[in-house]
Amino acid sequence: LTGFVGFSNLPIQWHRKSIQNGFNFNVMVVGESGLGKSTLVSTLFNMPLYPPRSEKRPPAEISKTVAIKSVSADLEERGVKLRLTVVDTPGFGDFVNNEDAWRPILENIEQRFDAFLEAENKANRANIVDNRIHAVIYFIAPTGHSLKPLDIAVMTKLHDKVNLIPVIAKSDILTDEEIIAFKARIRADLDYHRINLFETPRYEVDSDETMEEKTTIISKIPFAIVGATSEVTTPDGRVVRGRKYPWGVVEVDNEDHCDFLKLRAMLVKNYMEELKEYTNEILYENYRSAKLMAMGV
Ligand code: GDP
Ligand code: MG
């Protein structure tokens with residue numbers, strides 16, 4: 001069932017609300033060119049959100065800054081409507097000097113907070129559109145070594161403004177052993193630099209099963225990702241989304257092959273509302289009070 005995205009699985013109270021209003025979700029992808037950002041977004045939401053690669057775009061040498069581009073799509077699944085916006089950051093990490101690569105990204109995130117703050121202060125608050133970024137998927141190059149200084153710089157700047165979800169891009173080029181070792185080094189680096197990641201919140205009412213699911217999801221971070229938008233046939237004759245190699249097929253939707261389903265569970269299927277709540281109640285609220293304090297309000 002590859003056509004299934006999963007957001008219609010959200011808890012029933014959100015389900016009802018969303019049937020009435022539709023709901024929106026804004027996700028930003030950050031990482032060097034060619035790491036599979038566009039492919040992963042299409043894989044996650046099971047639709048092509050981007051024009052094919054062949055379309056002309058200015059090469060990185062011409063545009064000297066990170067451009068911010070946003071694409072929206074209306075998805076519908078079992079009567080549940082979702083307005084999805086993907087904010088892409090082409091050009092990130094492509095320059096000789098990437099020292100300030102985080103700046104336009106952070107500015108974009110803060111501008112969205114500012115716009116929301118302004119809307120909240122207006123008289124009619126009924127129809128505020130939430131354009132804040134609810135999650136950033138950060139793509140780590142599959143080097144197998146450790147994080148790059150740029151990765152650490154960017155994540156350090158972003159982690160208290162957004163829900164950060166790091167992924168190992170194109171993990172099909174690493175062996176299982178390499179992935180395990182790479183993940184451990186990345187986690188140690190993140191700890192050392194005190195970079196906070198989004199964690200699924202735990203509630204007292206959680207069942208043992210839910211607790212276990214949350215623990216498993218968190219233990220897989222950074223998710224080892226494989227993106228693929230086309231279907232291939234496995235040696236045993238199944239048609240799956242995956243990437244074909246002379247030695248076999250890497251399946252996107254197979255827990256034994258990569259963590260794609262875990263990422264999807266975190267982002268789309270189970271925790272979308274938690275990502276939005278955490279954005280609103282913690283990240284935005286911290287930003288708002290710091291801003292008001294600085295203004296002497
Ligand atoms: P972006 O520049 O980060 O948006 O990267 P794209 O999504 O355009 O992908 C760049 C190239 O990498 C394309 O040729 C994709 O087919 C390929 N690609 C994307 N995801 C994967 C993956 O998970 N594994 C491998 N091996 N290749 C991938
Ligand atoms: Mg792209």
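This is a predicted model: local features need pLDDT of at least 70, side-chain atom pairs count only at pLDDT 80 or more; totals for chains, interfaces and linings use all residues.
Colleague: Fine. What makes Arg194 count as exposed?

Modeller: Its relative accessibility is 67%, and the cut-off for exposed is over 50%, so Arg194 counts as exposed. Arg194 sits in the loop between α5 and α6.

Colleague: How do you know whether Lys170 is buried, partly exposed or exposed?

Modeller: Its relative accessible area is 39%. That falls between the under 20% of buried and the over 50% of exposed, so Lys170 is partly exposed.

Colleague: While we're on the backbone, which peptide bond is cis?

Modeller: The one from Ile221 to Pro222, where omega is near -5°. Most peptide bonds are trans. As for its place, Pro222 is in the loop between α6 (208-219) and β6 (223-224).

Colleague: On to the charges. Why is the pair Asp130 and Arg132 called a salt bridge?

Modeller: The closest N and O atoms of Asp130 and Arg132 are 2.8 Å apart. The definition asks for a Lys or Arg side-chain nitrogen within 4 Å of an Asp or Glu carboxyl oxygen, so the pair qualifies. It is one of 13 salt bridges in the structure.

Colleague: How do you know whether Asp130 and Arg132 are buried or exposed?

Modeller: Check them against the under 20% limit for buried. Asp130 has 12% relative accessibility, so it counts as buried. Arg132 has 3%, so it counts as buried too.

Colleague: Which parts does the pair Lys183 and Asp259 tie together?

Modeller: The bridge first: the closest N and O atoms of Lys183 and Asp259 are 2.6 Å apart. Lys183 is in helix α5 (residues 176-192), while Asp259 is in the loop between β9 (248-251) and α7 (260-269), so the bridge links parts 76 residues apart in sequence. Both Lys183 and Asp259 are buried.

Colleague: What about Arg238 and Glu251? What makes their contact a salt bridge?

Modeller: Their side chains come to 2.9 Å, N to O, and the limit is 4 Å. Arg238 is in the loop between β7 (231-233) and β8 (239-245) and Glu251 is in strand β9, so the parts they connect are 13 residues apart in sequence. Through shared partners, salt bridges join Asp236, Arg238 and Glu251 into one network.

Colleague: Which residues of α3 meet α4?

Modeller: Trp102, Ile105, Leu106 and Ile109 of α3, facing Val154, Lys157 and Leu158 of α4. By type, the residues of that contact are six nonpolar, no polar and one charged.

Colleague: What do the buried residues of α4 pack against?

Modeller: They pack against β1 (23-30), α3, β4 (135-140), β5 (164-168) and α5. Among the buried residues of α4 are Leu150, Ile152, Val154 and Leu158.

Colleague: One last residue. What makes Ile137 count as buried?

Modeller: Ile137 has 1% relative accessibility, and buried starts under 20%, so the label holds. Ile137 lies in strand β4. Leaving out residues up to four places away in sequence, Ile137 touches several others, including Val27, Val29, Leu40, Ile165 and Leu267.

Technical notes. Residues are numbered from 1 along each chain as its sequence is written. Chains are lettered from A and ligands numbered from 1 in the order in which they are written. Side-chain values use heavy atoms; hydrogens and water are left out. Buried means under 20% relative accessible area, exposed over 50%, partly exposed in between (1.4 Å probe, protein chains only). Helices (H or I, at least four residues) and strands (E, at least two) are DSSP runs, numbered from the N terminus. Contact means heavy atoms within 4.5 Å. Ala, Val, Leu, Ile, Met, Phe, Trp, Tyr, Cys and Pro count as nonpolar, Asp, Glu, Lys and Arg as charged, and the others, Gly among them, as polar.
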